[in-house]
2 protein chains.
Amino acid sequence: MSLPSRVRLIDVGPRDGLQNEKQPVASSDKIALVHKLQEAGLAEIEVTSYVSPKWVPQMADNHAVMQGMQRQVGVRYSVLVPNLKGWEAAVQDRPDEIVVFGAASEAFSQRNINCSIAESIERFAPVVQAALAAGVAVRGAMSCTVGCPYEGDIAPERVAYLAGLMKGIGVQRVDVADTIGVGTPLKVQRAIEAVLRHYDIDHVSGHFHDTYGQALSNTLAALQMGVWNFQSSVAGLGGCPYAKGATGNVATEDVVYLLHGLGVETGIDLDKLVDAGAFISGVLGKRPQSRVAVAILNKRAG
Amino acid sequence: MSLPSRVRLIDVGPRDGLQNEKQPVASSDKIALVHKLQEAGLAEIEVTSYVSPKWVPQMADNHAVMQGMQRQVGVRYSVLVPNLKGWEAAVQDRPDEIVVFGAASEAFSQRNINCSIAESIERFAPVVQAALAAGVAVRGAMSCTVGCPYEGDIAPERVAYLAGLMKGIGVQRVDVADTIGVGTPLKVQRAIEAVLRHYDIDHVSGHFHDTYGQALSNTLAALQMGVWNFQSSVAGLGGCPYAKGATGNVATEDVVYLLHGLGVETGIDLDKLVDAGAFISGVLGKRPQSRVAVAILNKRAG
């Protein structure tokens, strides 16, 4: 089995995770989470978003979190930006990277952001330009690259189309997200292959949801293609907005356990990571949605 | 990715699963579970065991279950047999296959059955002989083939040693079990490779636990070696006796979803399987320990 020797994980828990949790979380707890993640060795953290607080009240404290956290040298802090207004707010907080987004499903794009895929990407063009001119990196989150809650299966051609649009406006690297977690290894590989028509393997990351328990086998399949960047969420923060009670983002702990078991370097200390997940799960008053965390915490408890 | 075109699943829920659940289950409910599993298309079911009711009270109704169930043509019904006395009780109920067992870890063997690995297999020799003479098939369950709760990592040589002993007494096929769920894909492949010194690929099955969430990626890694027989437990019945609150047997629903997504035939109707798991979970008063079952049941509920 040929695998990359090292993997870089982007923990999206503070943003994608907490945004989808029902309870509000204090800015100080968000900052503590970012600190614990970087202490555990995470080299990339998606910290917050600059979406209107009308739509996403959980991220209304974006300035407080970005200004309040202690940055660590070598860590990349990214933030989600929905439009030019968001960019103008974000740039004040000096993110290392902004995240723009688009769906591979037309129905999802229409229902989620009320415009076509092509329109949504066009609108991001001036944002990407402004970011690159300011020396800020740009990542593109591509949702529904395997399945869509409205359309069902998504053809790889649609994924290639979205990746081409992203490339066209200057997005430097892209996340291939299985937003509803319906993917299985061969389908995920086909979606990634489609993206490789426009981006090289170093600029493609896998973002898998564990709704159907498939995230780690999809991760393995992506690793076997040479993908070495992945997103995950500490303690599986986030749930699944499309199936109540179900799992969403794959837990960072579970991905790290897989990678270390495969002999792949991550630079992450799993015990410290479990602590970070236990901390934020405690704040939310729930158990970590990570099988590795639960097993390790039970073992520690004896 | 080269994969087998079809896979045979052995559902161990009624035996391995229910044996490790705390609550007693009525024989009529066990029989109903077997019926629902075979209606869902399971071609192999591990029904019960003939261990002393002093040690395993949950299986004291072995005769009632085996005699009460309606057999379906083409389904193989297996039972666990710990010794000659167990065999003499089992043979009255006409199982298609008996399961004998041994650990790849000396410490586990000593603590679990109070004798060495070699002694445990020697004791099974007359059982295997009697079964084969009676035309009953014999499967060997090999526990702790990747890790042990007392010894930690298990060397592939120890797995090969156990497989050789099993072969020596006439065991026809073997299960490679990751009893505590600590395995990751390369370690599991090494354990299976060790077994292949004594058994061909058609006579090796994978038995993975999901304690650390790794069971499906281990299944994928085994599939890539050509393994096409797997054990799993409907609704993830069984928990993990070595880590309270943690997951044990991988859920059959999750394995079937993976396989169907990969285009691998199983002969199983996933919706009926989810019904079977929901039924027995209802009897136990808990949620199915299967992410696929939870996602599908949530979707059905709207």
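Me: By what turn and what shift along the axis can chain B be laid on chain A?

Reply: Copies are superposed by least squares on the C-alpha atoms of residues with pLDDT of at least 70 in both, and here chain B can be laid on chain A with an RMSD of 0.0 Å by a turn of 180 degrees and a shift of 0.0 Å along the axis. That is the relation of a two-fold axis, and in chain B the C-alpha nearest the axis belongs to Ser217(B), 2.1 Å from it. This is a predicted model, in which local features need pLDDT of at least 70, side-chain atom pairs count only at pLDDT 80 or more, and totals for chains, interfaces and linings use all residues. Residues are numbered from 1 along each chain as its sequence is written, chains are lettered from A in the order in which they are written, and side-chain values use heavy atoms, with hydrogens and water left out.

Me: How many residues of chain B are in contact with chain A?

Reply: Contact means heavy atoms within 4.5 Å, and 38 residues of chain B are in contact with 39 residues of chain A.

Me: How much area do chain B and chain A bury between them?

Reply: The size of an interface is often given as the accessible area lost when the parts come together. With a 1.4 Å probe, and summed over both parts, chain B and chain A bury about 3,200 Å², 59% of it on carbon and sulfur atoms. In chain B, Tyr212(B), Tyr257(B) and Arg291(B) lose the most area to chain A, together 25% of what that side buries.

Me: Which residue forms a salt bridge with Asp210(B)?

Reply: A salt bridge is a side-chain nitrogen of Lys or Arg within 4 Å of a carboxyl oxygen of Asp or Glu; the count between chain B and chain A is 2, and Arg291(A) forms one with Asp210(B), the closest N and O atoms being 2.5 Å apart.

Conventions:
Buried area = accessible area lost by both parts, 1.4 Å probe.
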